[in-house]
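Welcome, and please open the model in your viewer. We will go from stop to stop, selecting a few residues each time and saying what is there.

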Amino acid sequence: MVIKCNTGYLGNFVGDHEWEAMSSQVKAAHEMLHNKTGLGSDF
């Protein structure tokens, strides 16, 4: 499944520096989902 975020409408609300600040959290969440290591993965 692919999720794509269209950021075209967020330009007035979210600055480039904020996207950069969130990128590490998004990468960590991506890896956690794919590695099945997140909370609740033992069910």
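**Stop 1: the largest pocket**

This model is predicted. Begin with its largest pocket, which has a volume of about 270 Å³. To see the lining, select M1, V2, I3, V26, A29, H30, L33 and H34. How many of these lining residues are nonpolar, polar or charged? Six are nonpolar, two are polar and none is charged. As for how such spaces are found, rolling a probe the size of a water molecule over the atoms shows where empty space is left.

**Stop 2: the whole chain**

Now zoom out and switch to a cartoon view. The chain has one helix and no strands. Its C-alpha atoms fill a box of roughly 40 × 20 × 10 Å along the principal axes. Next, show the surface: the accessible area of the chain is about 4500 Å², and carbon and sulfur atoms account for 59% of that. Of the 43 residues in the chain, buried ones make up 5%.

**Stop 3: a patch on the surface**

Keep the surface on and select W19, M22 and V26. These residues form a nonpolar patch, with about 250 Å² of accessible area together.

M22 lies in helix α1, which covers residues 16–35. Is M22 buried, partly exposed or exposed? Its relative accessibility is 33%, so M22 counts as partly exposed; the range for that class lies between 20% and 50%.

**Stop 4**

Move along to K36, in the segment after α1. K36 counts as exposed because its relative accessibility is 67%, and the cut-off for exposed is over 50%. Look at the backbone here too. Most residues other than glycine have a negative phi. The phi of K36, however, is near 55 degrees, a positive value in a residue other than glycine.

**Stop 5: the segment before the helix**

For the last stop, select G11, in the segment before α1. With a relative accessible area of 55%, G11 is exposed. What separation do you expect for G11 and T37, 26 residues apart along the chain? Their C-alpha atoms are separated by 33 Å.

Definitions and conventions. Residues are numbered from 1 along each chain as its sequence is written. This is a predicted model: local features need pLDDT of at least 70, side-chain atom pairs count only at pLDDT 80 or more; totals for chains, interfaces and linings use all residues. Side-chain values use heavy atoms; hydrogens and water are left out. On a 1 Å grid over the protein atoms alone, a cavity is a set of points where a 1.4 Å probe fits but cannot get out, and a pocket is an open set with protein on both sides within 12 Å along at least five of seven lines; lining residues have an atom within 4 Å of a point. Grid points are joined across faces, edges and corners, and a volume is the space filled by probe spheres set on the points. Ala, Val, Leu, Ile, Met, Phe, Trp, Tyr, Cys and Pro count as nonpolar, Asp, Glu, Lys and Arg as charged, and the others, Gly among them, as polar. Helices (H or I, at least four residues) and strands (E, at least two) are DSSP runs, numbered from the N terminus. Buried means under 20% relative accessible area, exposed over 50%, partly exposed in between (1.4 Å probe, protein chains only). Accessible areas come from the Shrake-Rupley method with a 1.4 Å probe; for residues, only the protein chains shown count as cover. Patches are made of residues with over 30% relative accessible area and no salt bridge: like charges are joined within 9 Å, nonpolar side chains (Val, Leu, Ile, Met, Phe, Trp, Tyr) within 5 Å. A salt bridge is a side-chain nitrogen of Lys or Arg within 4 Å of a carboxyl oxygen of Asp or Glu.
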